[in-house]
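Reader: I am new to this structure and would like to learn how to read its features. Where do we begin?

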Amino acid sequence: MEPKEVQAVRESLVAYGAPLAAWDGHAHFPLEEALARGLVLAREDATVLRVLPLVLARNYPKLDWDKLVENCRRSNQISALGFVAEIASELGKLPDLAARATALWQAPTKQEYFFPLPNSYARRLADARSPAPARRWGFVLNVEHDSFRQIFEKHFG
């Protein structure tokens, strides 16, 4: 992503409720597009990944799910959406969102690292700390489940 697009995605996520310090909230994109672009950015930025379940849970009642899925298909982020939706549904206690995530699930053909990892030490950490929902969706990452839970405890409700 180009730096201007990264800024626009972060500002849009803040406008939709992401607690990203140092970014002003301005919705450059509709909600469904901001979330889809956020999933692309999250593949490079763990902070964005940590706040996406919160943004999804906060905005779920007004979200056009079909449009979000369409945007995620175009950017090849369906599994990432399912993973984030599963976390959001669990922590936000949103059973309807859980059902939508389950409908997206397909058995992964392989486990892939969610983020580019710079060395073997980072890969070992990801292998050891990857949360169960990430693995279910085919991802290995060094972001523990408690990281998502702490953000929800502080900001959801």
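Author: We begin with a definition used for linings: Ala, Val, Leu, Ile, Met, Phe, Trp, Tyr, Cys and Pro count as nonpolar, Asp, Glu, Lys and Arg as charged, and the others, Gly among them, as polar. The model here is predicted.

Reader: How do the residues of the lining of the largest pocket divide into nonpolar, polar and charged?

Author: That lining has nine nonpolar, six polar and four charged residues. The pocket has a volume of about 390 Å³. It is lined by 19 residues, and those closest to its centre are Asn76, Ile78, Ser79, Gln106 and Trp137.

Reader: Which residues line the largest cavity?

Author: Its lining consists of Leu35, Leu39, Leu52, Leu56, Leu68, Leu81 and Val84. The seven are nonpolar, with no polar and no charged residues. At least two lining residues come from each of α2, α3 and α5. The space inside is about 30 Å³.

Reader: What should helix α1 span, at 1.5 Å a residue?

Author: The expected span of a helix is 1.5 Å times one less than its number of residues. Helix α1 has 13 residues, 3–15, so it should span 18 Å; its end C-alpha atoms are 18 Å apart, which agrees.

Reader: Which elements do the buried residues of α1 pack against?

Author: They pack against α2 (31–42) and α3 (46–59). Among these buried residues are Val6, Val9, Leu13 and Val14, but also Arg10 and Glu11. After α1 comes glycine 17, with a positive phi near 110 degrees.

Key:
Residues numbered from 1 in each chain as written. Predicted model: local features only at pLDDT ≥ 70, side-chain atom pairs only at ≥ 80, totals over all residues. Heavy atoms only, no water. Helix = DSSP H or I, 4+ residues; strand = E, 2+ residues; numbered from the N terminus. Buried < 20%, exposed > 50% of the residue type's maximum accessible area, 1.4 Å probe, protein only. Contact = heavy atoms within 4.5 Å. 1 Å grid on protein atoms, 1.4 Å probe; cavity = no way out; pocket = protein on both sides within 12 Å on 5 of 7 lines; lining within 4 Å. Points joined across faces, edges and corners; volume = space filled by probe spheres on them.
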